[in-house]
Amino acid sequence: MRRLLTLFNLLMVAYVVAPIVLVVWMSFTPTMLFEVPVRRFSLRWYEELFSYDAFVDSAWLSLHLGLVAALVATALGFLAAYGLVRGRPPGSSALLGLFTAPLIVPAVVYGIAMLQFTNLIGLYGSVAALAAAHVVIVLPFAVRTLLAALEGQGPELEWAAMSLGARRRHAVLLVTLPLCLRGMVSAFLFCFLISFSEVTVTLFMAGPAHQTLPVRIFNYVSDRIDPTMAAVSALVVLVSVVLVLMLNRLGALGTARK
């Protein structure tokens with residue numbers, strides 16, 4: 001039975017990983033065609049990628065947008081989680097459901113709603129509207145992550161600081177925040193990863209002048225397909241793997257300290 005389970009797990013891992021390995025492998029082909037196996041490796045398509053200004057500009061936009069969305073969502077998520085955990089307000093379950101509602105609403109529905117709203121207030125096509133949409137998308141993940149971090153840290157040290165004369169805001173900044181630093185970093189990385197790879201809502205929100213990297217890829221493959229897409233995908237996979245490894249490392253450190 002154990003051998004069957006091991007075989008099943010290996011097959012599932014191969015099923016998930018094989019397409020990613022294939023895309024990365026194909027990014028090193030020297031020809032215009034997707035050839036498997038690759039007989040001669042080349043960096044031609046990576047050179048093409050970095051010489052294409054549209055992709056470079058979109059990558060920088062996705063990077064800046066992900067950083068802004070992750071920073072704002074982490075800050076707001078901490079405030080929301082702190083109020084829910086420490087304050088225990090009436091209707092906290094309903095508030096938590098409100099904060100996590102974007103996880104339930106289909107991305108297409110949310111994208112259309114944000115498109116109509118930003119168009120109504122005259123912000124459609126702006127970076128600010130795009131950033132606001134991404135903040136709403138990633139906020140539930142920040143709230144959930146920081147709820148777990150705060151619930152794992154009792155209020156005793158915070159009470160001790162206030163009993164020694166510290167105001168609540170000073171106790172939160174100097175005691176609670178450092179204790180939840182690992183959770184803050186995890187929430188930030190999680191939000192950045194989701195924002196960086198988000199495409200559905202961004203298709204509705206991104207104007208012609210502000211196309212993120214996923215939207216640029218989508219528009220590019222609508223017209224043509226060449227190994228440049230494999231090179232872009234390989235770099236996105238690399239960024240995602242690095243962030244996932246950092247999240248796993250933070251989780252392992254948290255388990256070890258407990």
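Analyst: A patch, as used here, joins residues with over 30% relative accessible area and no salt bridge, linking like charges within 9 Å and nonpolar side chains (Val, Leu, Ile, Met, Phe, Trp, Tyr) within 5 Å. A salt bridge is a Lys or Arg side-chain nitrogen within 4 Å of an Asp or Glu carboxyl oxygen. The model is predicted, with pLDDT of at least 70 needed for local features and 80 or more for side-chain atom pairs, while totals for chains, interfaces and linings use all residues. Numbering runs from 1 along each chain as its sequence is written, and side-chain values use heavy atoms, leaving out hydrogens and water.

One such patch is nonpolar, covers about 490 Å² of surface and consists of V13, Y15, V16, V17 and V21 (areas by the Shrake-Rupley method with a 1.4 Å probe; for residues, only the protein chains shown count as cover). V16 sits in helix α1, residues 2-26, and has a relative accessible area of 51%, so V16 is classed as exposed (exposed is over 50%, buried under 20%, partly exposed in between; 1.4 Å probe, protein chains only).

Of the 258 residues, 36% are buried. Among contacts between residues at least 6 apart in sequence, 72% join residues at least 24 apart (contact means heavy atoms within 4.5 Å).

The part to examine closely is the packing of helix α3 (residues 53-87) on helix α11 (residues 213-223), where the angle is about 145 degrees and the axes are 8 Å apart. Axes are lines fitted to C-alpha atoms, for helices over the stretch in contact, with angles from 0 to 180 degrees between N-to-C directions. Helix α3 contributes A54, F55, S58, A59 and S62, while α11 contributes L213, P214, R216, I217 and Y220. By class, the contact holds seven nonpolar residues, two polar and one charged (nonpolar: Ala, Val, Leu, Ile, Met, Phe, Trp, Tyr, Cys and Pro; charged: Asp, Glu, Lys and Arg; polar: the others, Gly among them).

Within helix α3, S58 has a relative accessibility of 0% and is therefore buried. Leaving aside residues up to four places away in sequence, S58 touches Q211, T212, L213 and R216. The C-alpha atoms of S58 and I217 lie 9.4 Å apart, across 159 residues of sequence.

Two further positions extend the picture. L147, in helix α6 (residues 127-151), has 8% relative accessibility and so counts as buried. Beyond four places in sequence, L147 touches A81, L84, V85 and L96, and from L147 to F78, 69 residues away in sequence, the C-alpha distance is 7.9 Å. S233 belongs to helix α12 (residues 227-257) and, at 27% relative accessible area, is partly exposed. S233 and S27 are separated by 206 residues in sequence, with 8.4 Å between their C-alpha atoms.

Note on methods:
Helices (H or I, at least four residues) and strands (E, at least two) are DSSP runs, numbered from the N terminus.
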